[in-house]
Amino acid sequence: MRKLLLGVCLAALASSALAQSDPAAPKGRLSDAAIPTAYRLDLTILPDQPRFSGHAEIDIKVKAATRSLYLHGRDLKVSKAEIHIGGKPVAATWTQVDPTGVVRLDFAAPVPAGPATLAFDYDGPFGDTAAGLYHIKVGDAWYSWTQFESTDARAAYPGFDEPGFKTPFTISVTTRPGFKAVSNSPEISVAKAGELEVHRFQTTKPLPTYLVAIDTGPFVRQTGVVPPTPQRATPLPLGAVATQAQAGKLDYVMAETPRIVELLERYFDQPFPFPKLDQIATPEMPGAMENAGADTYADEIIVLDSGAT
């Protein structure tokens, strides 16, 4: 017991020291020293493994010449960090200066005001609850989902993890052959990459970091469309996604979603704002999450037997 208490005290002291290691670090919102304008995320997600990896690029506008910037990334192991200015890389040092995921980037040379691109190679641990990029074993198979509201996107990729920043995201997922990958926008290609496959997605509309969704695994999926409405001239691609344990229980959500979308379009007198809609089930969510074009629900909300009341 004494050893356990000592360990807890040491961990608390280490956390406190980390939080105080940079007095200049922002305690709330980031400053406007750098503004993100676009993200490109290339993730390798093998849900049966303890960690995932990624390459992230963030286009930014730097307000004034600087030797450092603050952004977010929580418990990520960054093997390479750079800022590219006019196509030329400048090395950066990544230091997490707060347990909440505030990071300071220190550059090897001064960075001028203007456009630039941050680039990172990194890996991170999967979570086991609905926060960040998490994985769960259902039956004999592993699956992964994301839950980023409100400040957990920083556990999956480096970024400016605040809802005031809204940018387009271009996402790809490398995973095992035959697995499905689902994100906010339509999938545009699947290609072999050695023993794995790369799923590429259409660039999203501008989104805040917390509404990004990336789900990967041997899911079952049904597809259909929401017919055109007076507010929307073209059919809306529709999908329902769940674990193999829920196979045969997606008819309800596929039948009811078109009616719900049509009612909401009529009420707001405007079309559904994204190019597709996936309704995604997970056994871990306590409720539901309105990710853009990729809503996530607790299993019991949308996967039902045909005889359910």
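## The E12–E13 hairpin

Let's start at a turn: Gly194 takes a positive phi near 65° in the hairpin of E12 and E13, where two residues lie between the strands. Strands here are DSSP runs of E with at least two residues, helices are runs of H or I with at least four, and both are numbered from the N terminus. This is a predicted model, in which local features need pLDDT of at least 70, side-chain atom pairs count only at pLDDT 80 or more, and totals for chains, interfaces and linings use all residues. Residues are numbered from 1 along each chain as its sequence is written, and side-chain values use heavy atoms, with hydrogens and water left out.

Strand E12 (residues 187–193) runs antiparallel to E13, joined to E13 by six bridges; two strands count as paired if DSSP finds at least two bridges between them. Within this pairing, Ser189 has Arg200 of E13 as its bridge partner. Strand E13 (residues 196–201) also pairs with strand E10 (residues 169–175), in the antiparallel sense over four bridges. There, Thr175 stands opposite Glu197 in E13.

## The ten-stranded sheet

These strands belong to an open sheet of ten, with mixed pairing and the order E3-E6-E5-E4-E7-E2-E1-E10-E13-E12. Strand E3 (66–72) and E12 are at the edges, and each has a single partner strand, so one side of each lacks a neighbour in the sheet. Direction ignored, neighbouring strands of this sheet are turned by 20° against each other on average; the axes behind such angles are lines fitted to C-alpha atoms, for helices over the stretch in contact, and angles run from 0 to 180 degrees between N-to-C directions.

Also in the order are E1 and E2. Strand E1 (residues 34–44) pairs with strand E2 (residues 51–62) over ten bridges in the antiparallel sense, and Ala38 stands opposite Asp59 in E2.

## Backbone points to check

Most residues other than glycine have a negative phi, and most peptide bonds are trans. Here, a cis peptide bond with omega of about 5° joins Glu149 and Ser150, and Ser150 is found in the loop between strand E9 (141–147) and E10.

Asp75 has a positive phi, near 60°, and is placed in the loop between E3 and strand E4 (77–85). Asp269 also has a positive phi, near 55°, and its place is in the loop between H2 and strand E17 (277–282).
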